[in-house]
Amino acid sequence: MDKDLLIKALTKFLLGIIVLGVLLFLPAGSFLYWQGWLLMGILFVPMFVAGIVLFAMSPELLRKRLNSKEKEAEQKSVVAMSGLLFIAAFVIAGLNWRFGWWMLPDWVAWVSAFLFLASYLLYAEVLRENTYLSRTIEVQDGQKVIDTGLYGIVRHPMYMSTTVIFLTMPLLLGSPISFLVMLGYIPVIAKRISNEEAVLEKGLEGYKDYKKKVRYKMIPLLW
């Protein structure tokens, strides 16, 4: 058993729970914000299960996913911007619930929760198909182009699934204001994809041919 990996994974997991809890419930001024608990549940329970599976079946992939230190200067700004968007969206959602500015109907939260979990399953499939996945943009030793499964449909199925996950979060929290804020993630992820493809074209053999074979980045028949 890799105790260091286990400790690192559990530490990040618990820290994530604490940070999100503070960002949601402190602005809300109450623990009665049920949409906040709904998000916490569908986010962290599957994450915990996935972490256990990765630790047991693919510890190296788990190690890559825990690595968040970007080497590309441009990506550091992308990560920073993403972090600011998330903080703003969660804080505004809590304040929105507290003061009742503009709350969505409860059914929107449940529909969004379904879409969130469906996208989570899609994300899990991406992890199964591509063991080279890392949270940072880099070309790894021995890395090969994956062009089957979801990667035969779009070039970035991981970003496709995470974008849906991120955009459903504010709707799940009942805050259309937060949703408008989170729309700022779209140009951010577009910038990340552009930089990532430049890195892969330069360092990963066969990636240019793969781009010709699979034309769409995230959305089939559209983009």
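This report describes the fold of one protein chain and then looks at a few of its residues.

The model is predicted: local features need pLDDT of at least 70, side-chain atom pairs count only at pLDDT 80 or more, and totals for chains, interfaces and linings use all residues. Residues are numbered from 1 along each chain as its sequence is written, and side-chain values use heavy atoms, with hydrogens and water left out.

## The whole chain

The chain has nine helices and zero strands. Here helices (H or I, at least four residues) and strands (E, at least two) are DSSP runs, numbered from the N terminus. In sequence order the pattern reads α-α-α-α-α-α-α-α-α. The radius of gyration is 18 Å, close to the 17 Å that the globule rule gives for 223 residues, so the chain is as compact as a globular protein of that length. That radius is taken over C-alpha atoms, and the globule rule is 2.2 Å times the number of residues to the power 0.38. Along the principal axes, the C-alpha atoms fill a box of roughly 55 × 45 × 30 Å.

How much of the chain is buried? Buried residues make up 43% of the 223 residues. Buried means under 20% relative accessible area, exposed means over 50%, and partly exposed lies in between (1.4 Å probe, protein chains only). The chain exposes about 12100 Å², and carbon and sulfur atoms supply 69% of that area. Accessible areas come from the Shrake-Rupley method with a 1.4 Å probe; for residues, only the protein chains shown count as cover.

Contact means heavy atoms within 4.5 Å. Among contacts between residues at least 6 apart in sequence, 78% join residues at least 24 apart.

## Helix 3

Helix 3 covers residues 59-66, and L61, L62, R65 and L66 are buried there. Seen down the helix axis, these buried residues fall within an arc of 140°, so they line one face of the helix. The arc is that of the directions from the helix axis to the C-beta atoms. An α-helix has 3.6 residues a turn, so residues three or four places apart point the same way. The buried residues of helix 3 pack against helix 1 (3-28), helix 2, helix 5 (106-129) and helix 6 (157-172).

The table lists relative accessibility.

| Residue | Relative accessibility | Class |
|---|---|---|
| G41 | 27% | partly exposed |
| S82 | 12% | buried |
| V154 | 1% | buried |
| R155 | 6% | buried |

G41 is in helix 2 (residues 34-57). Its C-alpha atom is 17 Å from that of Y123, which is 82 residues away along the chain.

S82 belongs to helix 4 (residues 73-99). Which residues does S82 contact, leaving aside neighbours within four places in sequence? They are Y185 and V188.

V154 sits in the loop between helix 5 and helix 6. Not counting residues up to four places away in sequence, V154 touches M160, Y210, V214, Y216, K217, M218, I219 and P220. K211 is 57 residues from V154 along the chain, and their C-alpha atoms are separated by 9.5 Å.

R155 also lies in the loop between helix 5 and helix 6. With residues up to four places away left out, R155 touches E197, Y207, Y210, K211, V214, R215, Y216 and K217.
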